[in-house]
Amino acid sequence: MNIHPFELGNVLGMKKGYEDNHFLLKMYSIDHSYFNSFYSFHLEYFLNHNPSQREKAFFAHVWSIVSARIIFFETRDPFSRKHPRYVSNIQKLEEFRNFLSNYDHDNMLPQEILIKKKDALITELQSKLDERDKRLKTLEQYEVSLKIMIQDNHLPTFIDLIHQIKELTLPGSGRKLLKSDYDSPYYKLISKYFSHQGKDIPVNTARNYFVQKSAKDATKGSKIPDDKKLFSITAKNGKGLI
């Protein structure tokens, strides 16, 4: 006969009235990854043998014996030869109680514990709200009431200038005036601060003009027509910087 690894007792059986001790002894011996299976195994046994009871009664009993045993070990003589074992047991008991706390989906914890958990959650949420408020105030500094309007059908003309600006190099060093590993700052700048024909410019519309594609791929991106390339940025000395 195979014995389930979560069954209580020993080869001599289980002495009546000592079930709690056997339950905790078994809990000490298992890894925390099995806590859920261990709890579920004994919950099922409890409900099968106590059909008039619900999980809340079992949960409350387990929580009670775990908490009581923590208090018991914490009050032992710290200079006892058994102190290392007491410390080890306390750690395992607290680990199991933390599992129970997270397992509690139906507010089965004692009222004072539920209040502490809710207070902690409120504090955490308030902290997140405060952080978001600070970030929002920072972002509001960069908001504008009216965007810069690009005239007529010259969105491609403006974007052509942005492309030229991207490629400008400094005299002498040959280094680029602007450095960015990605194009997103450029097309997001266009979308956020410029309008075209009285409407906002969707980010995807602006991004399409920055898609890197091969000459054979005509299905991606938006090409700037030659008749919209109206300006050429040159150096002050008359020599092109591009």
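In which helix does serine 67 lie? Serine 67 lies in helix H3, where helices (H or I, at least four residues) and strands (E, at least two) are DSSP runs numbered from the N terminus. Before I go on, please keep in mind that this is a predicted model, in which local features need pLDDT of at least 70 and side-chain atom pairs count only at pLDDT 80 or more, while totals for chains, interfaces and linings use all residues. Residues are numbered from 1 along each chain as its sequence is written, and side-chain values use heavy atoms, with hydrogens and water left out.

Serine 67 counts as buried because its relative accessibility is 14%, and here buried means under 20% relative accessible area, exposed means over 50%, and partly exposed is in between, with a 1.4 Å probe and protein chains only. The side chain of serine 67 reaches the backbone oxygen of tryptophan 63 at 2.9 Å.

Phenylalanine 59 also has its place in helix H3, and with a relative accessible area of 0% it is buried. If we leave out residues up to four places away in sequence, phenylalanine 59 touches Tyr39, Leu100, Tyr103, Asp104, Met108 and Leu109, where contact means heavy atoms within 4.5 Å. Phenylalanine 59 and tyrosine 142, on the other hand, are 83 residues apart in sequence and 53 Å apart in space, C-alpha to C-alpha.

Alanine 60 is another residue found in helix H3, and at 38% relative accessibility alanine 60 counts as partly exposed. Between the C-alpha atoms of alanine 60 and lysine 228, which are 168 residues apart along the chain, the separation is 75 Å.

Now to the largest pocket, which holds about 430 Å³ of space. The term needs some care: on a 1 Å grid over the protein atoms alone, a pocket is an open set of points with protein on both sides within 12 Å along at least five of seven lines, and lining residues have an atom within 4 Å of a point. Grid points are joined across faces, edges and corners, and the volume is the space filled by probe spheres set on the points.

Which residues lie nearest the centre of the largest pocket? Of the 16 residues in its lining, these are Leu8, Glu19, Phe23, His42 and Tyr45. Helix H1 (19-28), helix H2 (35-49) and helix H3 (55-74) each supply at least two residues of the lining, and H2 gives the most, with five residues. By type, the lining divides into nine nonpolar, four polar and three charged residues, where Ala, Val, Leu, Ile, Met, Phe, Trp, Tyr, Cys and Pro count as nonpolar, Asp, Glu, Lys and Arg as charged, and the others, Gly among them, as polar.

Let us turn to helix H4, residues 83-103, which has 21 residues and reaches 30 Å from its first C-alpha to its last, close to the 30 Å expected at 1.5 Å a residue. The expected span of a helix is 1.5 Å times one less than its number of residues. The buried residues of H4, among them Tyr86, Phe96 and Leu100, pack against H1, H2, H3 and helix H5 (111-140).

What do the buried residues of H6 pack against? Their partners are strand E1 (148-150), helix H7 (184-193), strand E2 (194-196) and helix H8 (203-208), and the buried residues themselves include Leu155, Phe158 and Ile162. Helix H6 (residues 155-167) has 13 residues that should span 18 Å at 1.5 Å a residue, and its end C-alpha atoms are 19 Å apart, which agrees.

I will finish with two loop residues. Aspartate 152, found in the loop between E1 and H6, has a phi near 50°, a positive value in a residue other than glycine, and at a relative accessible area of 54% aspartate 152 is exposed. Glutamine 197 lies in the loop between E2 and strand E3 (199-200), and its phi is positive too, about 55°, although glutamine 197 is not a glycine. With a relative accessible area of 48%, glutamine 197 is partly exposed.

Methods. 1 Å grid on protein atoms, 1.4 Å probe; cavity = no way out; pocket = protein on both sides within 12 Å on 5 of 7 lines; lining within 4 Å. Polar contact = N/O pair within 3.5 Å; in protein donor to acceptor, adjacent residues only side chain to side chain.
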